[in-house]
Amino acid sequence: NHLKTNGTKHKKILELGCGSGEHALRFANSGYSVLGLDISDEMIRLANKRRDEASDYIQAKLEYICHDVRSFRTPRRFDCILALFHVASYQTKNDDLDQLFATSAAHLEKGGKFIFDFWYGPAVLHKKPENRQKEVENEHISVLRKCRPELTVNENRVDVNYDIMVTSKSSMETEIIREVHPMRYLFLPEIDFYLKRHGFTSWHAEEW
């Protein structure tokens, strides 16, 4: 809705951290052209697979590049830059976050919008992250995901530890996958600092 109501058409989007391209495809179906970046080869492979299954019209609106969003540069400019689903919070060091904002500033058309989300610091500290688990299944496998967050207050960071157990219903064998996702939580004054540092004007902030 922000893209439709902010006074400009916003037809060209740069999506930082596009993942498997699901949301870029939705934007393309709404008439936008999207260049998606992701640091993961596997995510770009999945995004291109999803693109290849679309119509020729939609395919022409989608492009994906495997690249670190902090260092990406191209002469092209975009009407809107998106960094959704905690791309900003994955930038756990000051330099990383600074480079993310620099990438956005370098590729935005005058009058364009940079839209991003992040873990909101006061909420994290008020209601500390809790252990959680989720289980899903189909006819072949069952998957149990356990989430154990560790709060590091002095670094404004939550290390989200995932244990994922995938069990085959035919063999009853279980594979265990372990991942750690360091996530930085942010506060509005520091967000304003990075925005001003890179020539942005703060526009709007709201709860997810």
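Modeller: A residue is called buried when its relative accessible area is under 20%, exposed when that area is over 50%, and partly exposed in between. With that in mind, and remembering that this is a predicted model, we can begin with strand β7, which covers residues 132–137. Of the six residues of β7 the number buried is zero, so the strand lies largely in the open.

The partner of β7 is strand β8, residues 141–152, and the two pair in the antiparallel sense over six bridges. A hairpin of three residues joins β7 to β8, and within the pairing E137 stands opposite S142 of β8. These two strands belong to an open sheet of five strands, in the order β6-β10-β9-β8-β7, with mixed pairing. The edge strands of that sheet are β6 (119–120) and β7, each of which pairs on one side only.

E137 forms a salt bridge with K169, and the closest N and O atoms of the pair are 2.6 Å apart. The bridge links distant parts of the chain, since E137 is in strand β7 while K169 is in the loop between β9 and β10, 32 residues apart. K169 itself counts as partly exposed, because its relative accessibility is 37%.

Leaving aside neighbours within four places in sequence, R178 is in contact with Y162 and D163, and the side chains of R178 and D163 make a polar contact at 3.1 Å. R178 and N138 are 40 residues apart in sequence, and their C-alpha atoms are 21 Å apart in space.

Side chains of opposite charge can pair when their charged atoms come close. The structure holds 15 salt bridges, and one of them joins the side chains of K12 and E109, at 3.9 Å from N to O. This pair, too, links distant parts of the chain, with K12 in strand β1 (residues 12–16) and E109 in strand β5 (residues 108–116), 97 residues apart. K12 counts as partly exposed because its relative accessibility is 36%, and E109 is also partly exposed, with a relative accessible area of 33%. Another salt bridge brings together the side chains of D52 and R51, at 3.5 Å from N to O. Here D52 counts as partly exposed at 49% relative accessibility, and R51 counts as partly exposed at 22%. Elsewhere, D68, R70 and D96 are linked in a network of salt bridges.

What the side chain of K61 does reach is the backbone oxygen of G31, at 3.4 Å. Not counting residues up to four places away in sequence, K61 touches A28, G31, Y32, S33 and V34.

The cysteines complete the tour. A disulfide is a covalent bond between the sulfur atoms of two cysteines. A search of the whole structure finds zero disulfides. The sulfur of C18 has its closest cysteine sulfur in C66, 9.1 Å away, which is too far for a bond, given that a disulfide needs the two sulfur atoms within 2.5 Å. C80 is likewise in no disulfide, and its nearest cysteine sulfur, that of C18, is 15 Å away. C18 is buried, with a relative accessible area of 6%, and C80 counts as buried because its relative accessibility is 0%.

Note on methods:
Residues numbered from 1 in each chain as written. Predicted model: local features only at pLDDT ≥ 70, side-chain atom pairs only at ≥ 80, totals over all residues. Heavy atoms only, no water. Buried < 20%, exposed > 50% of the residue type's maximum accessible area, 1.4 Å probe, protein only. Helix = DSSP H or I, 4+ residues; strand = E, 2+ residues; numbered from the N terminus. Pairing = 2+ DSSP bridges. Polar contact = N/O pair within 3.5 Å; in protein donor to acceptor, adjacent residues only side chain to side chain. Contact = heavy atoms within 4.5 Å. Salt bridge = Lys/Arg side-chain N within 4 Å of Asp/Glu carboxyl O.
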